[in-house]
Amino acid sequence: MPNFIAYIALLSWPIVTIFLIKRKGLEVGVLLALLGAHMFLPVAFKIDLPAIPPLNKYSITTVTILIYLILNKKRLGFIALHRYMKFVFVMLLVLPFLTALTNSERYSYLPGLTLYDGLSDAITNFLIIVPFLFGVRYFNTYEKQLILFKYFAIAAFVYAFFTLYEVRMSPRLHWMLYGYFPNSWLQQYREGGFRAIVFMGHGLLVAIFLALGVAAATAMTRLKEKVLPIKTLYVLIIIFMTLVLQKSLASLIFGTFGLIMIILMSPKRMHQMALLIGLLFLTYPMLSSLNLFPHKTILDVASRVSAERAQSLEFRFEQEKALLNHANSKPLFGWGGWGRNRIVDDLTGSDTSTTDGRWIITLGVSGWVGYLSQFLLIVVPLYLTYRITVKRRIHDKKESILLGAHAILLSVLLLDQMPNSSLNSFYWLVVGSLLGRAYKINQDYLGEKRAESSHNTKLVNSVDNG
């Protein structure tokens, strides 16, 4: 049961958000508000008021930002989206209604969906993804991109100390401050020690945050940018060592992958790898359905590392296969929420499934239309930035490195949606920033070409007149 501090923290966050915007400016203020909510507000706690979606740590931050933008006549980045991306974004808002209309029947003991459910889900989708539009509009320059990476690296560095405390003392900070434990204690016990949950609700969410922080700190190290009074390399080392102690093999692999790619590879190689991961992610459900994905090979490799981890991974794959078969029975718009995407035993009525990965949750709830609509928002920026690199539209070396690092960071985030579900409002801002950066680079390039063409035309005309 949450204590009064949990209520105070959540209800006072709009005041904190406005203060940050006024003190730090719109861009940095919004960034810090989203980061702070993700890092420190209570987990799995919401205030359910009539006629509006439940207010949790993410939605209350987004609503506050929206109200501020409306009152100050500031725009989001929807107008900046290309036509096909506008269609994808709008589809995310329309889709819940289509899902509700095609799921009016009961499923076992679960009731059918109504248009009210569709409206509620559409509003929820909008509030989660609004920071994506903010990133498109307000974090589309190299300077703002650099600020994003700087604060991400600082945030991961700060969180490393909270994480180290809980790794040593057990995950207790959330309980001590907010009066309740937000998850299963047993899931945080690993290899004779603990995973930290701090204020994120699960050790795996802390682990991927640190892994992404490793990518951000690695980029700042390669660019030789200072993020704190100490050397940036020391910041990177502390974050990485904390990630190791967090005892999450998948996140450690993802973080190591990000570090190696960003510190050693050329921007072109970074974009190639990021796009390859994006395409693999989009086609993974189809490859799994056709038994073309090398699950057995991955299990063999995992068994050499740890028999326990291999067994856990095998269980995940079995669950994915069953859930994928269930999802394929409603392939277009999915089963909807309220647990309808899960497998229910016909005889006992009990839920027999375990849903971990964001990809299978999205596919089951929203079908292929929802799956593609959501994840194309991530893969399209990876494609556009790859094209920018191939066509050599950036000539500054630092800008090229940061753009490649941004693509790798998103690919790491995308990889984590296969075993886990970690996407949130702050990460959507990071995604939107890369898309906005791609648009800005192309826009500046075309502007330069038009200016050059106009100059050449004037030069020719002056010669002819002479």
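1. Ala, Val, Leu, Ile, Met, Phe, Trp, Tyr, Cys and Pro count as nonpolar, Asp, Glu, Lys and Arg as charged, and the others, Gly among them, as polar. Keep these classes in mind for the second largest pocket. By class, its lining has five nonpolar, six polar and four charged residues. Note also that the model is predicted.

2. The second largest pocket has a volume of about 270 Å³. There are 15 residues in the lining, and the closest to the centre of this pocket are N291, H295, F317, E318 and K321. Which helix gives the most to the lining? Helix α13 does, with seven residues. Other helices take part too: α11 (267-289), α12 (295-305) and α13 each supply at least two lining residues.

3. Rolling a probe the size of a water molecule over the atoms shows where empty space is left. In this model, a search of the whole structure finds one cavity of 30 Å³ or more. The largest cavity has a volume of about 60 Å³.

4. Which residues line the largest cavity? They are R316, Q319, E320, L323, T354, T355, D356, G357, I360, M418 and P419. Helix α13 (residues 307-327) provides the largest share of this lining, four residues. So α13 contributes most to the lining of the second largest pocket and has the largest share in the lining of the largest cavity, going by the helix runs as defined. By class, the cavity lining has four nonpolar, four polar and three charged residues.

5. Turn to the charged side chains. How many salt bridges does a search of the whole structure find? It finds seven. One of them joins the side chains of K296 and D300, at 3.5 Å from N to O. These two residues are four apart in helix α12, so about one helical turn separates K296 from D300. K296 is exposed, with a relative accessible area of 61%. D300 is partly exposed, at 33% relative accessibility.

6. K440 is partly exposed at 25% relative accessibility. D444 is also partly exposed, at 34%.

7. R437 forms a salt bridge with E399, and their closest N and O atoms are 3.0 Å apart. This pair links distant parts of the chain: R437 sits in helix α16 (residues 425-465) and E399 in helix α15 (residues 397-416), 38 residues apart. Is R437 buried or exposed? R437 is buried, because its relative accessible area is 5% and buried means under 20%. E399, at 24% relative accessibility, counts as partly exposed.

8. Salt bridges can also be joined up. E105, K330 and R340 are linked in a network of salt bridges.

9. Check the surface next. I230, L233, Y234, I237, M241 and V244 form a nonpolar patch there. Together these residues have about 510 Å² of accessible area. I237, one of the patch residues, lies in helix α9 (residues 232-245). At 42% relative accessibility, I237 counts as partly exposed.

10. Two serines deserve a look at the backbone. Most residues other than glycine have a negative phi, and most peptide bonds are trans. S108 has a positive phi of about 55° although it is not a glycine. S108 is placed in the loop between α4 (83-101) and α5 (115-138). With a relative accessible area of 36%, S108 is partly exposed.

11. The other serine is S170. Its phi is positive, about 90°, although S170 is not a glycine. S170 is found in the loop between α6 (142-169) and α7 (173-178). Is S170 buried or exposed? At 8% relative accessibility, S170 counts as buried.

Note on methods:
Residues numbered from 1 in each chain as written. Predicted model: local features only at pLDDT ≥ 70, side-chain atom pairs only at ≥ 80, totals over all residues. Heavy atoms only, no water. 1 Å grid on protein atoms, 1.4 Å probe; cavity = no way out; pocket = protein on both sides within 12 Å on 5 of 7 lines; lining within 4 Å. Points joined across faces, edges and corners; volume = space filled by probe spheres on them. Salt bridge = Lys/Arg side-chain N within 4 Å of Asp/Glu carboxyl O. Buried < 20%, exposed > 50% of the residue type's maximum accessible area, 1.4 Å probe, protein only. Patch = residues over 30% accessible without salt bridge, like charges linked within 9 Å, V, L, I, M, F, W, Y side chains within 5 Å. Areas by Shrake-Rupley, 256 points an atom, 1.4 Å probe, with all protein chains shown as cover.
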